[in-house]
Amino acid sequence: LGPRHPLVVGPALVAPLLLLVAGVLRIVDGLDGQYGGGSPWELGHTALLFAYLPLGVLVVGLARSVPPITGAGRGVTEAAVAAGLLGAAGSLWVVVYDLATGAAAVGAPDQVLGVASSLLVAGVATLLMLLVEHGVLRWWSPAAAVSGALLVSWNLDLMPIAASLVLLGLAPLTSLRLPLPKG
């Protein structure tokens, strides 16, 4: 077996932990009955910004961890990478927009975030499912990660629980060792 992939191990731990920090800061921000406009809001969005970066790296690392596939399977991997990277970039753009304007996204950025988040989740979930298909991961890993993503899309106040589910789903990636290629 080969070494653990550095583009997978770090991001698989760092991204969900930063999402957890953002979720806790969202709760702190809402203690006064409203969201936005204070240090917890800014720190939470900064944590989100730094969470989306390793998620983009994770997409690349997962793609490199999927055993070589030819034909239509390779197209699935490439589409998942494109969706994941586009989703991470769109999510980053919305968070930067929020931080630059000092307010939560409304209108176009909010719509971009919905599409971007969906693309990011679809990309990561597809790559995780490819690892399940090859017997590298168990079925519950992508199920937990996707459940966390769906939970936060349903209600942002559940972000700490959602981040915990994402961490649970991505944690097996930290010990992932793949067979070395032949030749």
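**Burial and overall fold**

A residue counts as buried when its relative accessible area is under 20%, as exposed when that area is over 50%, and as partly exposed in between. In this predicted model, buried residues account for 40% of the 183 residues in the protein chain.

The secondary structure of the protein chain consists of six helices and zero strands. Read from the N terminus, the order of elements is α-α-α-α-α-α.

**The largest pocket**

Two or more lining residues are given by each of the elements α1 (6–29), α2 (39–65), α3 (72–101), α4 (108–133), α5 (140–154) and α6 (159–170). Helix α4 supplies the largest share of this lining, with ten residues.

By residue type, the lining of the largest pocket comprises 29 nonpolar, eight polar and four charged residues.

**A nonpolar patch on the surface**

On the surface, a nonpolar patch is formed by V24, I27, V28 and L31. Together, these residues have about 360 Å² of accessible area.

One of the residues in this patch, V24, is located in helix α1. The relative accessibility of V24 is 42%, and V24 is therefore classed as partly exposed, since this class lies between the limits of 20% and 50%.

Notes:
Residues are numbered from 1 along each chain as its sequence is written. This is a predicted model: local features need pLDDT of at least 70, side-chain atom pairs count only at pLDDT 80 or more; totals for chains, interfaces and linings use all residues. Side-chain values use heavy atoms; hydrogens and water are left out. Helices (H or I, at least four residues) and strands (E, at least two) are DSSP runs, numbered from the N terminus. Ala, Val, Leu, Ile, Met, Phe, Trp, Tyr, Cys and Pro count as nonpolar, Asp, Glu, Lys and Arg as charged, and the others, Gly among them, as polar. Patches are made of residues with over 30% relative accessible area and no salt bridge: like charges are joined within 9 Å, nonpolar side chains (Val, Leu, Ile, Met, Phe, Trp, Tyr) within 5 Å. Accessible areas come from the Shrake-Rupley method with a 1.4 Å probe; for residues, only the protein chains shown count as cover. A salt bridge is a side-chain nitrogen of Lys or Arg within 4 Å of a carboxyl oxygen of Asp or Glu. Buried means under 20% relative accessible area, exposed over 50%, partly exposed in between (1.4 Å probe, protein chains only).
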